[in-house]
Amino acid sequence: MQRRIAVRGIVLHDNMLLCVKLKAYDGRAARSFWCTPGGGMDSGESLESALDREMREETGISPVIGKLLYIQQFSFEGVEQFEFFFHVKNIEDYVELDLSNASHAEIEISSIEFIDPSSSNIMPDFLTTENIEQQISVDSPTKIFTYL
């Protein structure tokens, strides 16, 4: 089975989560759901380097990367997927986004904004019920979600 590894940034501001909706591109269909910024790792790239690159591509801003909050493992269209969700600490940099510096925003993103995770269609859906603020603030282990 093929495997894909992705990284995602968790930017939480006033209990609102920075999320994107993706356009149709590279043969992929447009997404009707929200997801946190991020994407697939390149070969030989570290998790932190991949997150920095993906966040800059989608938002134009380099993240100050905090702790690893969540890992998700699932299968989609015959591909085993691993996603690593990191806390992004420079929250204020993302409040007023200017996507003109984001190299991939025009191609990939139809919308980017802070949304209420408890009342929005977000993938993965564990983000709609998780107490993200508590997971960031307490010294607890990374939570792992497996859907195989």
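View 1. Asp42 lies in the loop between β4 (38–40) and α1 (47–59); helices (H or I, at least four residues) and strands (E, at least two) are DSSP runs, numbered from the N terminus. This is a predicted model, in which local features need pLDDT of at least 70 and side-chain atom pairs count only at pLDDT 80 or more, while totals for chains, interfaces and linings use all residues. Residues are numbered from 1 along each chain as its sequence is written, and side-chain values use heavy atoms, with hydrogens and water left out. With a relative accessibility of 43%, Asp42 counts as partly exposed; buried means under 20% relative accessible area, exposed over 50%, and partly exposed in between (1.4 Å probe, protein chains only). The side chains of Asp42 and Arg53 are joined by a polar contact of 3.4 Å. A polar contact is a pair of N or O atoms within 3.5 Å; within protein, one must be able to donate a hydrogen and the other to accept it, and residues adjacent in sequence count only if both atoms are side-chain atoms. Asp42 and Asp93 stand 51 residues apart in sequence and 25 Å apart in space, C-alpha to C-alpha.

View 2. The 13 residues of α1 should span 18 Å at 1.5 Å a residue, and the end C-alpha atoms are 18 Å apart, which agrees; the expected span of a helix is 1.5 Å times one less than its number of residues. Buried residues of α1 are Ala50, Leu51, Arg53, Glu54, Met55, Glu57, Glu58 and Thr59. Gly60 follows α1 and has a positive phi, near 85°.

**View 3. Arg8 in strand β1.** Arg8 is found in β1 (residues 2–10) and is buried, with a relative accessible area of 10%. A polar atom of the Arg8 side chain lies 2.7 Å from the backbone oxygen of Thr36. Contact means heavy atoms within 4.5 Å. Not counting residues up to four places away in sequence, Arg8 touches residues including Cys35, Pro37, Leu51, Glu83 and Phe86.

View 4. Rings of Phe, Tyr and Trp (its six-membered ring) pair if their centres lie within 6.5 Å; planes under 30 degrees apart count as stacked, over 60 as edge-to-face and the rest as tilted. By this rule, the count comes to 5 aromatic pairs. Phe85 and Phe126 have ring centres 5.7 Å apart and planes at 75°, so the pair is edge-to-face. This pair links distant parts of the chain, with Phe85 in strand β6 (residues 79–88) and Phe126 in the loop between β7 (109–115) and α3 (132–137), 41 residues apart. Phe85 is buried at 0% relative accessibility, and Phe126 is buried with a relative accessible area of 3%. One aromatic cluster is formed by Tyr70, Phe85, Phe126 and Phe145.

**View 5. Two nonpolar cores.** A nonpolar core is a set of buried Ala, Val, Leu, Ile, Met, Phe, Trp, Tyr and Cys residues joined through side-chain atoms within 4.5 Å. The largest core has 21 residues, of which Val11, Leu18, Val20, Met55, Phe84, Tyr94 and Ile109 touch the most other members. At least two residues of this core come from each of β3 (16–22), α1, β6 and β7, and β6 gives the most, with 4 residues. A second, separate core of 15 residues includes Leu17, Phe85, Ile132 and Ile136.

**View 6. An open antiparallel sheet.** The order β2-β3-β7 describes an open sheet of 3 strands with antiparallel pairing; two strands pair if DSSP finds at least two bridges between them. β2 (12–13) and β7 stand at the edges, each with a single partner strand, so one side of each is left without a neighbour in the sheet. The antiparallel pairing of β3 and β7 runs over 6 bridges, and the bridge partner of Leu17 in β7 is Ile115.

View 7. In the loop between β7 and α3 lies Pro124, and the peptide bond from Met123 to Pro124 is cis, with omega near 0°. Asp14, in the loop between β2 and β3, has a positive phi near 50° and is exposed, with a relative accessible area of 64%. Glu77 lies in the loop between β5 (65–76) and β6; the phi of Glu77 is positive, near 50°, and Glu77 counts as exposed at 69% relative accessibility.
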